[in-house]
Amino acid sequence: MTTNTKHETQIIVDPDVPLVRIIREFDAPVEKVFRAHTDPEIFRQWTGPNGYENEIETFDCRTGGSYRYKTSGDGWEGWFRGSFHEIRPNEVIIQTFNYEDIPDGVSLDRIEFEDLGDGRTRLTSTSLVDSFEGRDAFIASGMEVGVNEGYQRLDEILAAS
Amino acid sequence: MELYSTNRLTKVDLRHIFNHMVDNAAARDPLSDVFSALADPTRRDIVARLAVSDATVTELAQPYDVTVQAVSKHLKVLEEAGLITKTKDAQRRPVHLEAEVFDLMTKWIERYRRLAEERYRRLDAVLETMPEYEKEEGK
């Protein structure tokens with residue numbers, strides 16, 4: 001299912017594979033967009049939800065390296081970590097991503113950087129998990145109506161029909 | 001990064017969800033049925049039309065170059081995903097969109113998308129402040 005608003009982030013929730021893909025274009029050259037992902041001081045400034053602070057503990061952005069950072073705000077804090085599996089400058093970052101309180105909930109992320117010319121870049125970020133339940137739970141996490149309530153409502157409708 | 005999807009994330013929320021994931025590890029996944037049902041353009045079109053008003057199978061089949069049987073098959077997929085119900089009217093059996101389920105899925109996906117958009121708007125702002133010398137450095 002695809003939602004696409006012009007000049008905005010496009011999201012693809014794949015029906016056949018437990019992945020979420022997010023596509024966004026930037027009015028900046030590919031080198032710059034790539035560096036915003038690999039330089040911890042720059043990465044810290046934009047990742048995470050609005051109004052949250054990021055504190056980087058480790059950020060060894062090279063093939064075989066790893067990262068760990070803390071995100072905090074609104075009375076909450078959490079640690080995130082992962083491994084950098086493949087880094088090709090201005091082309092791709094392949095890494096794992098994990099919220100430490102759920103150690104088994106690891107995603108494999110592929111972040112592709114595409115030079116569109118005229119100083120513009122397309123970023124395609126794909127997160128793959130090992131079950132549809134896990135994928136759906138991530139999409140719905142923190143929603144006012146969470147995944148459990150959604151399943152309950154679906155169960156009710158399926159039972160009634 | 002994309003899995004980091006909320007500004008109201010709490011440990012309680014995530015544990016709750018994780019427990020659900022474990023409980024349902026072997027169960028069929030209704031949400032995926034919904035995504036899968038909506039992956040087909042004809043079924044998306046049917047849903048869009050049912051969002052306006054209930055309709056019979058014959059009415060739904062009219063605009064398409066396919067048989068009533070083919071439309072019935074699409075409706076069966078939508079019904080099994082919980083997106084539509086056949087109302088009890090014995091004669092016409094009009095098809096009814098379960099807007100609540102459809103809205104819920106749409107809201108989940110839209111919120112997730114919006115959080116990514118917010119993050120990328122911050123990245124837009126950061127990119128504007130970055131110096132231009134990376135070109136030589138990156139190549």
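**View 1. Chain A and its fold.** Of the 161 residues in chain A, 34% count as buried (20 or more other C-beta atoms within 10 Å of a residue's own; 12 or fewer make it exposed, and anything in between partly exposed, with C-beta atoms placed from the backbone). Please keep in mind that this is a predicted model, in which local features need pLDDT of at least 70 and side-chain atom pairs count only at pLDDT 80 or more, while totals for chains, interfaces and linings use all residues. Residues are numbered from 1 along each chain as its sequence is written, and chains are lettered from A and ligands numbered from 1 in the order in which they are written. Chain A holds 4 helices and 9 strands (DSSP runs numbered from the N terminus, helices being H or I of at least four residues and strands E of at least two). Along the sequence these elements come in the order β-β-β-α-α-β-β-β-β-β-β-α-α. Contacts (C-beta atoms, placed from the backbone, within 7 Å) can also be sorted by separation: among those in chain A between residues at least 6 apart in sequence, 28% join residues at least 24 apart.

**View 2. Ile23(A) on its strand.** Look for Ile23(A) in strand E3 (residues 19-26) of chain A. Is Ile23(A) buried, exposed or partly exposed? Ile23(A) counts as partly exposed because it has 18 C-beta neighbours inside 10 Å. Leaving aside residues up to four places away in sequence, Ile23(A) touches Gln10(A), Arg122(A) and Thr124(A). From Ile23(A) to Ile12(A) there are 11 residues in sequence and 8.4 Å in space, C-alpha to C-alpha.

**View 3. Two loop residues with positive phi.** Asn90(A), not a glycine, has a positive phi of about 60°. Asn90(A) sits in the loop between strand E6 (76-88) and strand E7 (92-99) of chain A, and is partly exposed because 18 other C-beta atoms lie within 10 Å. Asp118(A) has a phi near 50°, again positive in a residue other than glycine. The loop between strand E8 (107-117) and strand E9 (120-128) of chain A is the place of Asp118(A). With 7 C-beta neighbours inside 10 Å, Asp118(A) therefore counts as exposed.

View 4. Chain B has 7 helices and 2 strands, in the order α-α-α-α-α-β-β-α-α. Buried residues make up 35% of its 139 residues. Among contacts in chain B between residues at least 6 apart in sequence, 53% join residues at least 24 apart. The average pLDDT (the predictor's confidence in each residue, from 0 to 100) is 72 for chain B, and 70% of the residues score at least 70. Where is confidence in chain B lowest, and where is it highest? The lowest is in helix H1 (residues 11-23) of chain B, with a mean of 35, and the highest is in helix H5 (residues 68-80) of chain B, at 91. Over residues 1-28 of chain B, pLDDT stays under 50, as it does over residues 134-139 of chain B. Where pLDDT is low, the predicted coordinates should not be read in detail. For the model, ipTM is 0.79 and pTM is 0.66.

**View 5. Helices H3 and H5 of chain B.** The axes of helix H3 (residues 41-52) of chain B and H5(B) come within 10 Å and cross at roughly 75° (axes are lines fitted to C-alpha atoms, for helices over the stretch in contact, and angles run from 0 to 180 degrees between N-to-C directions). H3(B) is therefore roughly perpendicular to H5(B) (65 to 115 degrees; under 35 is roughly parallel, over 145 roughly antiparallel and the rest oblique). Thr42(B), Arg43(B), Ile46(B) and Val47(B) of H3(B) make the contact with His74(B), Val77(B) and Leu78(B) of H5(B).

**View 6. Where a helix of chain A meets one of chain B.** Helix H1 (residues 30-38) of chain A packs against H6(B) at an angle of about 110°, with the axes 10 Å apart. H1(A) is therefore roughly perpendicular to H6(B). Lys32(A), Val33(A) and Ala36(A) in H1(A) meet Leu123(B), Val126(B) and Leu127(B) in H6(B).

Conventions:
Two residues are in contact if their C-beta atoms, placed from the backbone, lie within 7 Å.
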